[in-house]
Amino acid sequence: MAKLKIGIIDLVSKGPTSTLWARVMHANLASIMPQVVATWCEQEGHEVTLICYTGQEDLQKELPQGVDLVFICSFTQAALLAYALSNYFRSQGTVTVLGGPHARCYPDDAVKYFDYVLGFTHKATITEVLQNCGPQRPEGKHLSAGRQPVTLPGVKERWKFIQPTLKKAPFLQMVPMLGSVGCPYTCSFCIDATVDYQPLNFEIIKEDLRFLLTKFKKPTIGWHDPNFGVRFEANMDAIASAAPLKSFRFFAESSLSILTEEHLKVMQQNGFDALLPGIESWQELGNKSRTSRIVGEEKVKRISEHVNMMFRYVPYVQTNFVLGLDSDAGDEPFELTKRFVDLSPAAFPGYSLLSAFGEAAPLNLEYQRTNRVLPFPFHFLNNHLAMNLKPKNYEWIEFYDKVIDLTAYTFSKKAIYQRFKANSTTASKWMNLMRVVSSEGYGRLRFYKQVRKNLAADKTFRQYFEGESQQLPAFYKSIIQKDLGIWWQWLPAGALEHNPNAYLLKTSPSLV
């Protein structure tokens, strides 16, 4: 195989951004798989340049030059930037490859704009691309392994690609690690709902933890597991055997069913400082919180007690909710969430609007079958800028009124003060304030209010939301054009549109 010049681009941001959250945190949100692919390509003898685009850099100056092959990793919200970059590189004769969540969710759209689109990716998948490094026209080639790999290069092997990105972080520097892939739960809206859970090699985890102690006095590590701690004893044994207690700071997303008081005591001893449990709904999805038979007010009380107990052992907790689930109706879901905000003032609530990401979950077939999925451009599919599903039990204006009311309540002066007072550490107080004043708090509230205003005042805007028109409102097009900047000119024709029912068409053509 000829030695190739390879570029790898990790799109953390979908365009330039100057928000406080982006400046502080985006460099800590780098994906692991671009680093893995870079490591595999080097192991095959190729020359590799990796850049992580956080929205702070001049992307035009950062892009690798004169490359034979470029891999781009993208979430769906950055897909249009990825499409534009692919078009730019292909114009120079470079072969382009897309990986990441968007490639898994929308492969049939992505193959229009890339030579290769990768689903589950093993080293053998990358080797196949390297060996057949040629343009695939008029349509790209979709490659996907049957399941996720059972082993991946660890932090020590990936370090040369991790370190330059961490240097972009001004304060907190969080090393990305992975202890498992897949998830044992089957939340119907989740991309990991049908992906078998499998732990990765605990010996590699131990080696990586020891390695990080040679780079940092007290490393901060962000676990990228969809649900950390399923193999709880094995995970804690690996951490405890790597170094003395509290040698590390850990952030992890986990479920309340795992975060029992006994487990939390162990996690406190091992240095866990931030936990992000999913609550999702007051009416369903209770298997992650051991409340499968409890709903409504009783579930709020039970969950609130659990979350408040967590603060005896960890200083920072984010609770995740999904708004607009089919089980939601009337005022109750929103009022219950307000009640939770009052009962657990130290927790930071994270709200997501229910969204259907292409092939991400089998439930999306039902949404498409009932013609509820809207063709919002990928640029807005990040769980808060657009809800691409018509709500089952709400009219659009009614729904946005309730989302605005809940968001305003959560980030009111009273709630901010109560959260500030309830948090025990300066770091937690600072983090919550930063999130409120940045795009996640006040920024989203402003955006929701503008969408609601447009729904009420603009008939064509409302028709798009109702699925009565396919004409993208100018409001959204102007945002995309502004965010892409110079890359707007490279956006391929047709990229603003996609078939929202492509998954159904592929699986059951007769039903479309």
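## Salt bridges

In this predicted model, Glu 203 forms a salt bridge with Lys 206, and their closest N and O atoms are 3.2 Å apart. A salt bridge is taken as a side-chain nitrogen of Lys or Arg within 4 Å of a carboxyl oxygen of Asp or Glu. Glu 203 and Lys 206 are both in helix α9 (residues 202-212), three residues apart, about one turn of the helix. Helices (H or I, at least four residues) and strands (E, at least two) are DSSP runs, numbered from the N terminus. Over the whole structure, the search finds 23 salt bridges.

Residue numbers start from 1 along each chain as its sequence is written. Local features need pLDDT of at least 70 and side-chain atom pairs count only at pLDDT 80 or more, while totals for chains, interfaces and linings use all residues; side-chain values use heavy atoms, with hydrogens and water left out.

## Helix packing

Helix α9 also packs with helix α8 (residues 155-166), at an angle of about 45° and with the axes 9 Å apart. Axes are lines fitted to C-alpha atoms, for helices over the stretch in contact, and angles run from 0 to 180 degrees between N-to-C directions. α8 and α9 are therefore oblique to each other; angles under 35 degrees count as roughly parallel, over 145 as roughly antiparallel, 65 to 115 as roughly perpendicular and the rest as oblique. Val 155, Lys 156 and Trp 159 of α8 meet Glu 207, Asp 208, Phe 211 and Leu 212 of α9, where contact means heavy atoms within 4.5 Å. This contact has four nonpolar, no polar and three charged residues. Ala, Val, Leu, Ile, Met, Phe, Trp, Tyr, Cys and Pro count as nonpolar, Asp, Glu, Lys and Arg as charged, and the others, Gly among them, as polar.

Helix α13 (residues 332-343) and helix α15 (residues 396-410) pack at about 5°, with their axes 10 Å apart, and are therefore roughly parallel to each other. By class, six residues of the contact of α13 with α15 are nonpolar, two polar and five charged.

## Domain interface

The chain is divided into domain 1 (5-143) and domain 2 (173-354 + 391-395), with bounds from an automatic or database domain assignment. Their C-alpha centres lie 29 Å apart. Eight residues of domain 1 contact nine residues of domain 2.

About 680 Å² is buried between the two domains, 65% of it from carbon and sulfur atoms. Buried area is the accessible area (1.4 Å probe) that two parts lose on being put together, summed over both. Asn 28, Ile 32 and Arg 104 supply 66% of the area that domain 1 buries against domain 2, more than any other three residues. Zero salt bridges are found across this interface.

## Backbone geometry

Most residues other than glycine have a negative phi, and most peptide bonds are trans. The peptide bond from Arg 137 to Pro 138 is cis, with omega near 5°; Pro 138 is in the loop between α7 (123-131) and β6 (141-143). Lys 246, not a glycine, has a positive phi of about 60°, and is found in the loop between α10 (232-242) and β11 (249-254).
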